[in-house]
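Visitor: Hi! Could we go through this structure together, one piece at a time?
Guide: Happy to, let's have a look.

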Amino acid sequence: MFPASRYTCKAHRCIRALVTLQKDPSAPQLYSSIHRRTCSSASTTRITTHYTIHPRDKDARWEGMEMERFADEADVVIVGGGPAGLSAAIRLKQLANEQEKELRVCLVEKAPQLGAHTLSGACLEPRALIELFPDWKERGAPLHTPVTEDVFSIFTEKHRIPVPILPGLPMQNHGNYIVRLGNLVRWLGEQAEELGVEIYPGYAAAEVLFHEDGSVKGIATNDVGIAKDGSPKDTFERGMELHAKVTVFGEGCHGHLAKQLYKQFNLRENCEPQTYAIGLKELWMIDEKKWKPGRTEHSVGWPLDRHTYGGSFLYHLNEGEPLVALGFVVGLDYSNPYLSPFREFQRWKHHPFIAATLEGGQRIAYGARALNEGGFQCIPKLTFPGGLLIGCSPGFMNVPKIKGTHTAMKSGILAAEAIFPKVTAENLDSETAGLHIPEYSDNLENSSVWKELHAVRNIRPSFHNYFGLYGGMVYTGIFYWILRGKEPWTLKHRGLDANQLKPAKDCKPIEYPKPDGKISFDLLSSVALSGTNHEGDQPPHLTLKDDRIPVEKNLAIYDGPEQRFCPAGVYEYVPVETGDGMRLQINAQNCVHCKTCDIKDPSQNINWVVPEGGGGPAYNGM
């Protein structure tokens, strides 16, 4: 994996073992209550066996195990192979090559291949891509579908109210491209490798490393060869350490390492808590007579009530086949614990305006991912000694546009341009072992990203009013379209999404129609289309701080909302084997890495950590 001159023969054996253990995704093994797992909340069995909850130094089974890790060094280490991380890597190597300087840039990505964990709508503003590669067309970038038509609607249960998209409104997409973001990420990876970036897919960054002075030293990849009960297997191997002058964290929305850094460096001291949504997406092959390449359709309204933030998209791709990408977004600040984002999505497809496109078609892919919706008010401090945050990890999504790829890429470019002069300086005097790059924050605040997010800062929180959706639309029309966000006030969000659920006794259960198997589908058949798979004999990576809380609080007060907000059937409450009562069952192999559970759990008891590298969904151009 790394140049032979930089590590020992024993490290070679470690890497070979890691590679051997990283299996290619096979047919996904999905679990439900019919397939009882041992990671349950029965009184004699722990649900959580992960070492982050049950330390190994207190476990007799780990006595005498070799726990030394082998280390390698780079100038810059980047965590996350998405648009932001790859843009940072590309720009760093472009600068190094232009100035003929040696610069080692290493990028680690938990997915088995670049793009396999990438999911987005996506309608792309190409500004940042043009900045990176002005000749992107000649290089063969997979942008095949320029937007030719925009349609926006308010849905009632049976009807559609068309809404004109006036020039300057966020939903206008003239000049943008409908893309399959996973394909674009793979292409960016190819460009990065040509420039000399070292990319290591299938290696999940599991831990932040620190120097003695408290600055970030780098990251460690996850250990492999640990059994489901938390004991070491014969194949156990420690992960590798990657040290760097600067470590760039671009994990995507709600990164688990970023969560640690927020606490370690108090990065969220002067911003609001982040607020999120869950986005669910499918790819369909439709009747060619209904195919309108370049058309984008967005809607708000039904099936959500006016106080539940959300909406939909349906994009007609132009890639040689009659493909459409469609999805549904639900703000995770909803209050009714009976709401199921997945089932709202399936119900939405039966609206006459949507069903007319899908009838006679075939669904070919499914996936889900959380997305940041807090915007300007929720941006944390971005730099700290030894590292910085880029992309959707801190959250640069323009919510009314439903776009964050261009801002994520721009943040990666700006980070690279701030890092490069520091890491290549010959006589740099640094107060800490890990370099601090405050210039990145300064550059970002003077960039198009900051200006764009500031202009739309009030649109998302404006929906928190008596009229809900409709009041927010009026606010957008007056204060954004006319004043372009120059109003002298900044509205606030409601607070943590986890705190917004009402007790089940105060809410009305939602009756969802049964799926028809033609337009709407059940959950497990949907997850099967995501290609999701994990090594079965490993500790569940959905960890609980306290195994008792799901039944005692979440089920008792909120009727077990995790079994509804999870879009992959990971959480189920099933009868205990003996006596009366229920227990929580975690079907960790189903997890599509959306992070919704970590965000929405009303007890904040769930902590998502990385599984063995290579596990998770196997998206193909999502």
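Visitor: How many bridges join strand β9 to β10, and which way do the two run?
Guide: Five bridges join them, and they run antiparallel. β9 covers residues 205-210, and β10 covers residues 216-221. Before we go on, this is a predicted model, where local features need pLDDT of at least 70 and side-chain atom pairs count only at pLDDT 80 or more, while totals for chains, interfaces and linings use all residues. Residues are numbered from 1 along each chain as its sequence is written, and side-chain values use heavy atoms, with hydrogens and water left out.

Visitor: What counts as a strand, or as a pair of them?
Guide: Strands are DSSP runs of E with at least two residues, helices are runs of H or I with at least four, and both are numbered from the N terminus. Two strands pair if DSSP finds at least two bridges between them.

Visitor: Which residue of β10 is the bridge partner of E207?
Guide: That is A220. A220 also stands opposite E241 in β13. Three bridges join β10 to β13 (residues 241-249), again antiparallel.

Visitor: What about the turn in the hairpin of β9 and β10, which residue takes a positive phi?
Guide: G214 does, with phi near 95°. Five residues lie between the strands of that hairpin.

Visitor: Is β10 mostly covered or mostly open?
Guide: Mostly covered, as five of its six residues are buried. Buried means under 20% relative accessible area, exposed means over 50%, and partly exposed is in between, using a 1.4 Å probe and protein chains only.

Visitor: How many residues of strand β16 are buried?
Guide: Seven of its seven, over residues 310-316. G310, S312, L314 and H316 point one way, whereas G311, F313 and Y315 point the other way.

Visitor: Which strands does β16 pair with?
Guide: Strand β15 (residues 295-301) pairs with β16 over four bridges in the antiparallel sense, with S299 and S312 as bridge partners. Strand β17 (residues 323-331) pairs with β16 over seven bridges, also antiparallel. There, Y315 has A325 as its bridge partner. β16 and β17 form a hairpin with six residues between them, and G320 in the turn has a positive phi of about 90°.

Visitor: Switching topic: what order do the strands take in the sheet with β7?
Guide: The order is β3-β7-β4, in an open sheet of three strands with antiparallel pairing. β3 (123-124) and β4 (145-146) each have a single partner strand, so one side of each is left without a neighbour in the sheet. Two bridges join β4 to β7 (residues 177-178), and T145 stands opposite I178 in β7.

Visitor: Where does R180 lie, and is this residue buried or exposed?
Guide: R180 lies in the loop between β7 and α5 (181-195). R180 is buried, with a relative accessible area of 13%. Not counting residues up to four places away in sequence, R180 touches L283, L317, E319, L323, N620 and G621. Contact here means heavy atoms within 4.5 Å.

Visitor: On to helices! At what angle do α2 and α9 pack?
Guide: About 35°, with their axes 7 Å apart. Axes are lines fitted to C-alpha atoms, for helices over the stretch in contact, and angles run from 0 to 180 degrees between N-to-C directions. α2 is residues 83-98 and α9 is residues 405-423.

Visitor: Which residues make that contact?
Guide: From α2, they include P83, A84 and L95, and from α9, they include M409, I413 and F420.

Visitor: What else can you tell me about α9, say V423?
Guide: V423 is in α9 and is buried, with a relative accessible area of 5%. Leaving aside neighbours within four places in sequence, V423 is in contact with D75, V76, L103, K245, V246 and L435.

Visitor: How many residues of helix α7 are buried?
Guide: Seven of its eight, over residues 341-348. Among them are P341, F342 and W348.

Visitor: Last one: which residues does UniProt list as "transmembrane region"?
Guide: The unreviewed UniProt entry lists residues 463-483. UniProt positions are given in the numbering used here, feature names are shortened, and annotations may be inferred rather than shown by experiment. In this model, residues 463-483 are 57% helix and 0% strand, with the end C-alpha atoms 18 Å apart.
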